[in-house]
Amino acid sequence: MKPTLYPWMSRIVVEIRAFLNSDVPRLVDLWNRQEAVAGRLQVVTAAMLELHIFSKSYFDPAGLILAAMDHTLIGALFCGFAPNDDGSKLNLCVGILSHSILDDAANESTWPMLWKFADDYFKSHGTERIFFGSKFPDSPYLAGFCGGTFVPGAVTMDQSQINRLTDASFKACGEVDVLNLDVPRFKPPVDRRVIMAKRNYDVRVAIDPLPENWWQNNVTSFRHQIDFRIVERKSNRVCGFLSFSNSRPVDSGWDSRYFGIARIQVDEALQRSGIGQAMLFDAIKDLGQRGVVEIEAQVPRVNTAYLSMLKKIGFRSNYSAFQMQNILGP
């Protein structure tokens, strides 16, 4: 797509265009001068953007849409796509607007210009629905930059972001709670079911296991992962799975002290038997011994049982975010 110039004030022109390699320092400057918002990383570097955005095999410069004025970036939209069901490729029918930035220097007409460019980009790929942040939990970009383990959506306290999305016909379709656990202060509650589970099951650890598919290989690149599996002793059958990844892009090594729950799953027939909590308690203890001080969990609010369990064992609410969706017309 060709860049578009929009005059909105005398002698001042806003240029809407796709990302160029020379834009990297300008994009860093745009990000770093934004006001603080819950969950958003305040300071980024060119190296961080390279590792976590530009190095993705599916990164498309045309999907990073910028607003520039007098060689200064004043706005940016991070556009991408969700994966297909087996994680083997992108699903172009489901678009993801990972984040939007609009600088104070931008005129009120800048956002409609940016969104029009993004709308055309998605429609040119046959996109039918667009989610903001992620089609939870899947997001192609900015995990750790906006939110921790995942990009939860539009932070409920960020009213300017919500207003922009509403103007672009996005509607709330759910809410995600972001919780944190202070690991050094964690004391597992006494639960008879957990005690019984530990008599019959073992928890096994795997460090940086191989990715299961192409999508996971992309989104977990440069993020360390620790997997825990709870196994029945008699049959050696895996009955539950719990995965963690470091939740901040500034922590790329094993010295990371901040991890988040990436996935938790227990066999349906064994749910509420205590094995899920037994696995989680052992995992928290293991991470604490590795120097981890904080664990994050992101939970859709409709998952009341999981949310209640986390709060019961000591996770505390940090902030929440709206999942927002736009169904594109013809």
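Analyst: We can begin with a charge and a ring: in this predicted model, Arg164 lies over the face of Trp111, at 5.8 Å from the ring centre.

User: What makes 5.8 Å count for Arg164 and Trp111?

Analyst: The criterion asks for CZ of Arg within 6 Å of the ring centre and within 35 degrees of the ring normal, and Arg164 lies over the face of Trp111 at 5.8 Å. A second case is Arg248, whose charged end sits over the ring of Tyr258, 3.6 Å from its centre.

User: Why is the pair of Phe59 and Tyr141 called edge-to-face?

Analyst: The structure holds 17 aromatic pairs, and in this one the ring centres of Phe59 and Tyr141 are 6.2 Å apart with 80 degrees between the planes.

User: Where in the chain do Phe59 and Tyr141 lie?

Analyst: Phe59 is in the loop between α2 (46-54) and β3 (64-69), while Tyr141 is in the loop between β6 (129-132) and β7 (154-155), so that the pair links distant parts of the chain, 82 residues apart. Ring pairs also link Phe19, Phe54, Tyr58, Phe59, Tyr141, Trp214 and Trp215 into a cluster.

User: How do you know whether Phe59 and Tyr141 are buried or exposed?

Analyst: Buried means under 20% relative accessible area; Phe59 has 16% and is therefore buried, and Tyr141, at 4%, counts as buried by the same criterion.

User: What makes Phe136 and Phe150 an edge-to-face pair?

Analyst: The ring centres of Phe136 and Phe150 are 5.4 Å apart and their planes stand at 75 degrees, which is to be set against the limits of 6.5 Å for pairing and over 60 degrees for edge-to-face. Phe136 and Phe150 both lie in the loop between β6 and β7, so their pair ties together parts that are 14 residues apart in sequence. Phe136 is buried at 18% relative accessible area, and Phe150 counts as buried at 12%.

User: Why are the buried residues of α2 said to line one face of the helix?

Analyst: In α2, Met48, Leu49, His52, Ile53 and Phe54 are buried. Seen down the axis of α2, these buried residues fall within an arc of 155 degrees, so they line one face of the helix. Their cover includes α1 (24-32), β3 and β4 (72-83).

User: Why is α1 described as roughly perpendicular to α2?

Analyst: α1 and α2 pack at an angle of about 100 degrees, with their axes 10 Å apart. Angles of 65 to 115 degrees count as roughly perpendicular, so this label applies to α1 and α2. Where they meet, Val24, Leu27 and Val28 in α1 contact Ala46, Leu49 and Phe54 in α2.

How values were computed: Residues are numbered from 1 along each chain as its sequence is written. This is a predicted model: local features need pLDDT of at least 70, side-chain atom pairs count only at pLDDT 80 or more; totals for chains, interfaces and linings use all residues. Side-chain values use heavy atoms; hydrogens and water are left out. Rings of Phe, Tyr and Trp (its six-membered ring) pair if their centres lie within 6.5 Å; planes under 30 degrees apart count as stacked, over 60 as edge-to-face and the rest as tilted. Helices (H or I, at least four residues) and strands (E, at least two) are DSSP runs, numbered from the N terminus. Buried means under 20% relative accessible area, exposed over 50%, partly exposed in between (1.4 Å probe, protein chains only). The arc is that of the directions from the helix axis to the C-beta atoms. Contact means heavy atoms within 4.5 Å. Axes are lines fitted to C-alpha atoms, for helices over the stretch in contact, and angles run from 0 to 180 degrees between N-to-C directions. Angles under 35 degrees count as roughly parallel, over 145 as roughly antiparallel, 65 to 115 as roughly perpendicular and the rest as oblique.
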